[in-house]
Structures are given as structure tokens and as C-alpha cells.
Amino acid sequence: MSAAAARAALASLIAAASPAAGQVVPFAVAGDAIASPLAGLSGDAARGEAVVKNRETANCLICHSIPDPREAFMGEIGPPLAGVGARLTPAQIRLRLVDPTRMNPAAIMPAYHRVDGLVNVDPRYRGRPVLSAQEIEDVVAWLATLRE
Ligand code: HEC
């Protein structure tokens, strides 16, 4: 298996293994961003930090590093998330979490708020996104604070 195929398989496994209890909500993509918060919800940065650090559900740290010396064993498949709040707007971050394949069909990062087109999803979890609309907004709120 090539490295890219291995990474794509890993992304599918993560997407399939940790569904949130929510449903996918409608959203509008403009350019490389989703301007409006999902379902009009406001995010809570502290809750979002906990989602990102959870190694059993979202599992972001298997692929990304964050600027927190307490975390060990962080991945390098994705770009470091340090400074992401300065590089990207909240609207751009939102689309990258909801469905990175909207920008790049070959994206390795899992689509965290999508249910169609995924493979190998456990039947019990079909139709449920990995992260709920509220969790997406919480993660956007926390990543927006990572400005350096
Ligand atoms: C399987 C590996 C993987 C996982 C898991 C993953 N990502 Fe990613 N992420 C990537 C890769 C690779 C990219 C670069 C774009 C691409 O190829 O998909 C990326 C891009 C991003 C970006 C854009 C960064 C930039 O500077 O442009 C953000 C923000 C992001 N990821 C956040 C997250 C968060 C938050 C989680 C957990 C909810 C997560 N990622 C889980 C691999 C991953």
C-alpha cells in the first residue's frame, strides 16, 4: 500500500469509528469557506480544545501537532496547528473541518461533518457525522485562538 493510500485508509477508519450523536446540518460553501456558523450555533473554545485533544473520538493529534507541551506523540501527516488562527479565518477553518474534499478531492484529512461518500462505516453509525454541528463550532472557536 502506498503512503497516500495508507493515510486515506486511516482517515476513513477515524471517520467511521467515532461518530457524534448529531445529524449533518445544511451549510453553504463560498470559495474555500463556510461563512455562517453551522445551525447558527456559537462555539466554546474550551470545549473545542477538549475535542481536539480527545484521542478516542476526533483523534486530530494522530495527524497534527498543537502548541501544548503537555501533549506527546503528535502526528506529522497534517500541518502543525500552531498559528492556524492567524493563517485562516474561522470561515476557512470551518470548511476544512466539515469537508476538506470540497477544496481537494484527494484530501487526506477526514470529513468531520459529512455522511455521504464514506467507506467502511459501521452500520450502527451510518448517517451520523464524526463531529456534531456544535462540536465543529467549538473546534473552530478554539483553533481561532491559536494565533502564533
Ligand atoms: C488522517 C489525518 C488527519 C486527521 C485525523 C485530521 N487531519 Fe487535519 N489535516 C490533515 C491533512 C493531511 C491536512 C492538509 C490538507 C489535506 O491534505 O487534507 C489537514 C489540514 C487541516 C487544517 C488546515 C490547516 C492549514 O494550515 O491549512 C486544519 C485547520 C485541520 N486540518 C484541523 C484538524 C482538526 C481540528 C482535526 C480533528 C478534528 C483534524 N484536522 C484531523 C490530516 C488530518
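## Helix α4 and its cover

The cover over the buried residues of α4 includes α3 and α5. Those buried residues are I93, R94, L95, R96, L97 and V98. Buried means that 20 or more other C-beta atoms lie within 10 Å of the residue's own; exposed means 12 or fewer, and partly exposed is in between, with C-beta atoms placed from the backbone. Contact, the basis for cover, means C-beta atoms, placed from the backbone, within 7 Å.

This is a predicted model, in which local features need pLDDT of at least 70 and side-chain atom pairs count only at pLDDT 80 or more, while totals for chains, interfaces and linings use all residues. Residues are numbered from 1 along each chain as its sequence is written.

## Overall make-up

The chain has 5 helices and 0 strands. Its elements run α-α-α-α-α from the N terminus on. Helices (H or I, at least four residues) and strands (E, at least two) are DSSP runs, numbered from the N terminus.

The chain holds 148 residues, and 31% of them are buried. Take the contacts between residues at least 6 apart in sequence: 67% of these join residues at least 24 apart.

## Helix α5

How many of the residues of α5 are buried? The count is 11 of the 11, so α5 is largely enclosed by the rest of the structure. The buried set in α5 includes the charged residues E135, E137 and D138. It also includes I136, V139, V140, W142 and L143. Here Ala, Val, Leu, Ile, Met, Phe, Trp, Tyr, Cys and Pro count as nonpolar, Asp, Glu, Lys and Arg as charged, and the others, Gly among them, as polar.

The buried residues of α5 pack against α2, α3 and α4.

Helix α2 spans residues 45-53, and its buried residues are G48, V51 and V52. They cover an arc of only 95 degrees around the axis, which puts them on the same side of α2. The arc is taken from the directions from the helix axis to the C-beta atoms. Their cover includes α5 (133-143).

The two helices pack at an angle of about 100 degrees, with axes 7 Å apart. That makes α2 roughly perpendicular to α5. The axes are lines fitted to C-alpha atoms, for helices over the stretch in contact, and angles run from 0 to 180 degrees between N-to-C directions.

On the α2 side, the contact uses A45, R47, G48, E49, V51 and V52; on the α5 side, E135, D138, V139, V140, A141 and W142. The residues of this contact divide into 7 nonpolar, 1 polar and 4 charged.

## The ligand shell

Which residues are closest to the ligand? They are C60, C63, G78, A107 and M109, in a shell of 28 residues. The shell divides into 22 nonpolar, 3 polar and 3 charged residues.

Four helices each supply at least two shell residues: α1 (3-17), α3 (84-87), α4 (90-98) and α5. The most come from α1, with 4 residues.

## Loops and the tail

A33 sits in the loop between α1 and α2. It counts as partly exposed, with 19 C-beta neighbours inside 10 Å. Beyond its neighbours within four places in sequence, A33 is in contact with T89, A91, Q92, R94 and L95. A33 and L88 are 55 residues apart in sequence, and their C-alpha atoms are 9.7 Å apart.

A39 is found in the loop between α1 and α2. Its phi is near 55 degrees, a positive value in a residue other than glycine. A39 is partly exposed, with 15 C-beta neighbours inside 10 Å. F73 lies in the loop between α2 and α3. F73 has a positive phi of about 60 degrees, although it is not a glycine. F73 is exposed, with 8 other C-beta atoms within 10 Å.

T145 lies in the segment after α5. T145 counts as exposed, with 12 C-beta neighbours inside 10 Å. Leaving aside neighbours within four places in sequence, T145 is in contact with A45 and G85. T145 and G85 are 60 residues apart in sequence but 5.8 Å apart in space, C-alpha to C-alpha.

How values were computed
Contact = placed C-beta atoms within 7 Å. Near = placed C-beta within 6 Å. Parallel < 35°, antiparallel > 145°, perpendicular 65-115°, else oblique.
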